[in-house]
Amino acid sequence: MKVSEFYSRRKTVFAIEVFPPKKTMSTENVYSTLEEIAALKPDYISVTCGAGGTSAVGEGGGNPTLEVSSFIKNKCGIESVAHLTCVASTQNQVLRTLTSLKEAGVKNVLALRGDINPDLPRKTDFTYAANLIEFIRQSGLDFGISGACYPEGHIEADSVNDDIKNLKKKVDSGCETLISQIFFENSLFDSFLEKARLIGIEVPISAGIMPVTSKTQIERMVSMCGASLPPKFTKMIAQYENRPDALRDAGIAYATEQIVDLISNGAEGIHLYAMNNPYVARKIHENIDNLL
Ligand code: FAD
């Protein structure tokens with residue numbers, strides 16, 4: 001099933017994002033983690049790929065994103081979305097990945113440009129995610145296609161407004177749904193949504209929420225994506241930074257409050273960045289299940 005179909009059921013779509021095993025992880029542990037997350041029965045699970053497309057293309061070294069997406073779809077019975085970056089790939093490489101995903105029964109991709117990785121030479125086949133989306137459409141492989149969006153503007157864009165204009169081009173190239181970058185202040189998402197609708201972006205947009213469980217995690221995320229941290233949030237981190245269990249519980253409570261507010265205001269979808277942490281995913285799910 002394509003993920004766009006979930007949004008036509010007029011309920012808030014609930015998705016969880018996971019990442020494939022890193023070299024240092026035991027594959028078995030990751031698969032049991034995935035089973036625990038899948039047992040929560042989200043509408044779909046999306047699977048990240050490595051920076052610059054390293055794990056997306058998987059030349060001869062396997063393709064962890066493909067393997068995990070296939071496991072979720074075929075072993076756990078949950079629809080999966082494979083993230084796919086294009087910045088360091090040729091059209092042939094992307095086509096091979098798409099064909100493998102298709103053969104594995106994966107029906108959806110999140111089409112991304114990817115971050116510019118100084119260690120990987122850029123290829124010239126794709127400049128923006130919109131080029132990848134057009135390429136997937138023209139491949140005739142019939143994937144459900146999602147794209148990324150940024151409530152505070154993409155880190156390279158001059159302004160949120162400029163970024164939204166580019167987002168409109170991306171949607172016009174054929175992307176059916178959007179998933180947002182994380183944010184910690186719902187008013188930022190509300191204002192982004194309003195601007196996106198005004199400019200004529202009509203596809204469903206899921207709100208990206210990340211429950212914060214450690215100070216290093218938040219520092220890493222913020223340096224990567226530039227999400228702003230409201231005072232209420234930074235106070236919470238400062239208060240509990242040396243008490244891991246308290247910080248985890250406060251992070252779950254903060255994310256729950258964001259999600260309750262979003263759903264009460266008619267959010268079309270919630271995309272939970274659960275960082276492969278089944279405890280956190282389960283707690284959040286328990287808190288909001290009746291709202292969904
Ligand atoms: P684009 O949509 O191509 O935008 C990139 C920049 O170009 C923006 O500043 C945009 O404003 C500008 N732009 C776009 N079109 C035009 C145009 N026509 N003219 C001029 N400027 C333009 N990264 C990974 O490596 N792996 C992942 O698994 C992954 N998952 C993600 C999941 C989500 C939900 C999100 C929000 C991001 C994810 N990312 C991931 C990060 C993403 O790859 C980076 O943010 C990347 O820098 C931009 O990708 P994009 O697809 O949004 O790019």
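Predicted model: local features only at pLDDT ≥ 70, side-chain atom pairs only at ≥ 80, totals over all residues.
Let me start with the strands. Strand β2, residues 44-47, is covered on both faces, with Y44 and S46 buried on one side and I45 and V47 buried on the other. Its pairing goes in two directions: with β1, residues 13-18, it pairs in the parallel sense over four bridges, and in that pairing E17 has S46 of β2 as its bridge partner. Towards β3, β2 is again joined by four bridges, and these two strands also run parallel; here V47 stands opposite A82 of β3.

Strand β7 covers residues 205-209, and five of its five residues are buried. If we ask which way the side chains point, I205, A207 and I209 go one way from the strand, while S206 and G208 go the other way. The partner I want to mention is β6, residues 177-182, which pairs with β7 in the parallel sense over three bridges, and within that pair I179 stands opposite S206.

Which of its residues are buried? They are A129, A130, L132, I133, F135 and I136, and I would set beside that list the general point that an α-helix has 3.6 residues a turn, so residues three or four places apart point the same way. The cover over the buried residues of α6 includes strands β3, β4 and β5 together with helices α5 and α7. Just after the helix, G140 takes a positive phi of about 75°.

One loop residue deserves a moment as well, namely Y150, which lies between β5, residues 144-149, and α7, residues 160-172. Leaving aside residues up to four places away in sequence, Y150 touches D163, Q181 and F192. With I218, which is 68 residues away along the chain, the separation between C-alpha atoms is 17 Å.

Now to the helix pairs. Two packed helices are described by the angle between their axes and the distance between the axes, and I will follow that order for both examples.

In the first, helix α10, residues 231-240, packs against helix α11, residues 244-264, at an angle of about 160° and with the axes 9 Å apart. With angles over 145 degrees counted as roughly antiparallel, α10 and α11 are therefore roughly antiparallel to each other. The crossing of α10 past α11 is right-handed. On the α10 side the contact involves K232, F233, M236, I237 and Y240, which meet P244, A246, L247, A250, G251, Y254 and E257 of α11. By class, that contact has nine nonpolar residues, one polar residue and two charged residues.

In the second, what is the angle at which α2, residues 27-38, and α12, residues 278-288, cross? Their axes cross at roughly 0° and come within 9 Å, which makes α2 roughly parallel to α12. T33, E36 and I37 of α2 make this contact with P278, A281 and R282 of α12, and by class there are three nonpolar, one polar and two charged residues in it.

Methods
Residues numbered from 1 in each chain as written. Heavy atoms only, no water. Axes fitted to C-alpha atoms, helices over the stretch in contact; angles between N-to-C directions. Parallel < 35°, antiparallel > 145°, perpendicular 65-115°, else oblique. Left-handed = near helix turned anticlockwise from the far one by under 90°. Contact = heavy atoms within 4.5 Å. Nonpolar A, V, L, I, M, F, W, Y, C, P; charged D, E, K, R; others polar. Buried < 20%, exposed > 50% of the residue type's maximum accessible area, 1.4 Å probe, protein only. Pairing = 2+ DSSP bridges.
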